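Hi,

Here's the structure I promised to pass along.

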Amino acid sequence: MSVSEAKKKVGGLAGVVAGSSAICTCGLGNGLNYYGYSIEDLANEATFEEVAYLLQFAKLPNKAELEDYKEKISANRELNENLKAILRAIPKDVHPMNLMQSAVAALGALEGEKEDFSDQDEKIIRLLGILPSVLCYWHHYANFGKEIDFKSEQKTIAGYFLEKLDLKEPREDFINAMHCSLILYAEHEFNASTFTARVCASTRSDIFSAVAAAIGALRGPLHGGANEAAMHLIQSFSSVEEAIKGVNEKLEKKELLMGFGHRVYGLGGDPRNALIKEWSKKLGGDSMLYKVSEAIEMLMKEKKPNLPPNADFYSASAYHFMGIPTEYFTPIFIMSRVSGWCAHIKEQRANNKIIRPSSEYIGPEPRKFTQIQER
């Protein structure tokens, strides 16, 4: 086999089973499920905290357990002074994903996990509580020189984040839309960032290091950054006609359109798309932005039926209709997916073997070393 032939054979590990997990089914003919519960039921009937509890403890909470869980998360919203100082030092023009990664890594130094991981559940709750505060504190300080407090009557992550981002009482429909989005993004099997977290955890590293590593993987436009890229695409058109013309031109040039297609779903498409599209329509269905989004979807369905929209496409417009800056779309993903990452970290630790796969060598045959004066 030639080197060029061997390179073509490498396909990003598509279809390779890299481990066992009880947490999630994804694209296996029965849609998307967290511990056996369908994403449709969870998105339509649950709050994000119920789903975070399910992922952390492998069962849905009863009412008392849920209230206690929410209280614990709320009690973990405060930033200590050292972390505030670190956030104040991060410039305004940094990508917010690097900000979030830096904050998580700093927590590992400031509030480290015990060597025996006996406090891992406390650290998971700390991450759930503090991540919205990190983004909102830095947002107001970097943009307006204002330091916010973390007091709030909002008992959910969705409500708290929306309140602290805009410093006003959030609309109820915005909170409900955010619950749906957080639930949809909470977990997705062995995706790039989750697998990164498991690889890091398999070395017996601490939970903050594993989550920071996962954030690095999520930052890329082929993973979490796809919702930002989808928003830029949609906003680049001012009318339906312009969108159809522009997307056709991109397809002719064989350009990649973010927000369409998914590695693990077939022609049936990403089951999360319909759920978040419904919220996008409720929040902004009369707007040109939504009409442009739908026109792009319809055109892609006609021209590229094998690339249906994924969860990122309508998440972009739903967030936009809630007034959330585009550069914060992927950090919101972190606030949600940290629940899934940590579920996988716990599962990896429970029956751990270091993840160290082998590669298929495609380099030169063994050859003799040549002294430098003879080269």
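Ser339 is buried, with a relative accessible area of 4% (buried means under 20% relative accessible area, exposed over 50%, partly exposed in between, using a 1.4 Å probe and protein chains only). Ser339 is part of helix H17, residues 329–350 (helices are DSSP runs of H or I with at least four residues, strands are runs of E with at least two, both numbered from the N terminus). Leaving aside neighbours within four places in sequence, Ser339 is in contact with Phe48, Ala52, Leu55, Leu128 and Ala186 (contact means heavy atoms within 4.5 Å).

Before going further, some housekeeping. This is a predicted model, where local features need pLDDT of at least 70 and side-chain atom pairs count only at pLDDT 80 or more, while totals for chains, interfaces and linings use all residues. Residues are numbered from 1 along each chain as its sequence is written, and side-chain values use heavy atoms, with hydrogens and water left out.

Now the annotated positions. The unreviewed UniProt entry carries an "active site" annotation on His262 and Asp312 (positions are in the numbering used here, feature names are shortened, and annotations may be inferred rather than shown by experiment). Asp312 is in helix H16, residues 311–321, and is buried too, at a relative accessible area of 10%. Beyond its neighbours within four places in sequence, Asp312 is in contact with Tyr185, His223, Ala226, Asn227, Ala230, Gly259 and Phe333. With Tyr185 there is also a polar contact, side chain to side chain, at 2.5 Å (that is a pair of N or O atoms within 3.5 Å; within protein, one must be able to donate a hydrogen and the other to accept it, and residues adjacent in sequence count only if both atoms are side-chain atoms).

The protein divides into domain 1 (24–220 + 329–351) and domain 2 (226–322), with bounds from an automatic or database domain assignment. Their centres, taken over C-alpha atoms, are 26 Å apart. Across the boundary, 26 residues of domain 1 are in contact with 20 residues of domain 2. The two domains bury about 2100 Å² between them, 66% of it on carbon and sulfur atoms (buried area is the accessible area, 1.4 Å probe, that two parts lose on being put together, summed over both). On the domain 1 side, Leu184, Tyr185 and Phe329 lose the most area to domain 2, together 31% of what that side buries.

There is also a sheet. Three strands form an open, antiparallel one in the order S1-S2-S3 (two strands pair if DSSP finds at least two bridges between them). Its edges are S1 (24–26) and S3 (37–38), each pairing on one side only. S2 (residues 32–34) pairs with S3 over two bridges, and Tyr34 stands opposite Tyr37 in S3.

Tyr35, in the loop between S2 and S3, has a positive phi near 45° without being a glycine, and is partly exposed at 25% relative accessible area. Glu189 also has a positive phi, about 60°, and is not a glycine either; it lies in the loop between helix H9 (172–185) and helix H10 (192–202).

Last one: Ser239 is in the loop between helix H12 (226–235) and helix H13 (240–252), where its side chain reaches the backbone nitrogen of Glu242 at 3.1 Å.

Cheers
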